[in-house]
Amino acid sequence: MPYIAAIDQGTTSTRFIVTTLDGEVVTQSQFEHAQIMPRQGWVEHDPVEIWRNTRRAIAAGLAEKDILEGEVAALGITNQRETAVIWDKRTGIPIYNAIVWQDTRTNHDGDPTRHLEKTGLLHNSYPAGPKWAWILDNVDGARERAARGELIAGTMDTWLLWNLTGGAKEPEHAVHVTDVTNASRTLLMDLETFEWDDGLCAEIGVPRQILPEIRASIGEIARVRPRGPFADTPITGVLGDQQAALFGQGCLAKGGAKMTYGTGLFMLLNTGSTPQRSEHGMLTTVAYQKEGEKPLYALEGSVAVGGSLIQWLRDQLGILRTAAQSEELAAEVEDSAGVVIVPAFSGLFAPRWRPDARGVITGLTRFADRRHIVRAALEATCFQTREVVRAMEQDSGTAITQLRVDGGMTGNDLLMQMQADLLGARVTRPANIETTVMGAASAAAIGAGLADAPLNLGKETSWDSTIAGPVRDRLVAAWNDAVERSYNLN
């Protein structure tokens, strides 16, 4: 039986897996990369470190299982979206660090909705396009070099694809492409034509000639360079991370929905072959596209801070030794004792879209200790998820009675019960919660003609609400009050 490999280039780490067509993960490896924060609101990554970690992860994963050349039939890639990098196509050296999707330096003062109809996105700090423009405007000589054809740009999928297919060492093989899901997150692609829009490129300040070619998500997108352990292996699935999780959860038809609990929180609802515009703070995006077929679309609700709040408690405040300890400490108390945390470290994303919001902790008394603060952090994840679900219900006109979940935070059983309680709906988790990387593997298997459906994620576990409506209403009211206090604190 052939193996399928997948790379998950995420916000905090790069993961590599090899799986069978039955969904059994036979080997995996993962390496974290540095979070660079040169100023308040700025978040950067070193693309060279990420590429080095990608190679390390592949080498470690293959060595663990002693997988030989030719045993991997196809490779899939998924990536943190909206993170933007520009590099010299001759040397392969980035001209600036990658600007991460969480970064707020490109906040815009104009009407954020003016490109919503064409792109499905708000004109704010989130999309990749304004980040590329910032690099061109702030690196000496960058625009002149771009005009001379020396520079090329991409999101992290493009950066990995270019290096995997040859990069600077084998430029005759290097491929400068992206897939339609990642392109739809740039503010530069027309959702109807699936092409870069000349008017948007001119307005935002990104020369079209530096942008990658847009290709379908599933099908033969490229081939790995003709040397090394993956020599000439077809790359047959490329999806932005949230679309990969949607795909991995099997939400391939209209009405399928999932919530991913990772560094941020991301809910996608498959809306079928017609783009649906939101009236309640959601974004419109491409769900996926099979080669030779029309794309499917999705509504998306994006929350900036999810698991990164637990990391903040661990790394900046020292309240936790490990992220996993959050479940143990929170379970030691019955509630948060009135403590509410609004983690608006870089403003609030969907559905509120308040870049002026800043993080606050309310309800502190001498009774509160670190256990209550940790529980309040988990509740913050649940409250933010609840807001996105309710907005999605208003847009779709359909009540969401079951929320399919995935991502690293969902290994916390207490969090899942708290989510069901605050949502008032069933929460369902697959046995394999790494649906993002499994989605990339599934897309690759289907794109290579080796599978007809996403790979198996194992047995599901579900949680139902255990609290009364008035209790939930009181907690939600306290959350809303705390959010109001987070506004205009700059």
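Which residues do ring pairs link into a cluster? I found that Trp-101, Tyr-126, Phe-266, Phe-349 and Trp-353 are linked in this way.

I worked on a predicted model, with pLDDT of at least 70 needed for local features and 80 or more for side-chain atom pairs, while totals for chains, interfaces and linings use all residues. Residues are numbered from 1 along each chain as its sequence is written, and side-chain values use heavy atoms, without hydrogens and water.

Aromatic pairs. I paired rings of Phe, Tyr and Trp (its six-membered ring) with centres within 6.5 Å, calling planes under 30 degrees apart stacked, over 60 edge-to-face and the rest tilted. Trp-42 belongs to the loop between strand E3 (25–32) and strand E4 (44–45), and Trp-134 to helix H3 (residues 129–138), so the pair ties together parts 92 residues apart in sequence. Helices (H or I, at least four residues) and strands (E, at least two) are DSSP runs, numbered from the N terminus.

Burial. I took buried as under 20% relative accessible area, exposed as over 50% and partly exposed as in between (1.4 Å probe, protein chains only). Trp-42 is buried at 14%, and Trp-134 is buried at 17%. In helix H8 (residues 241–248), eight of eight residues are buried.

Charges over rings. I required NZ of Lys or CZ of Arg within 6 Å of the ring centre and within 35 degrees of the ring normal. Arg-105 lies over the face of Trp-42, 3.7 Å from the ring centre.
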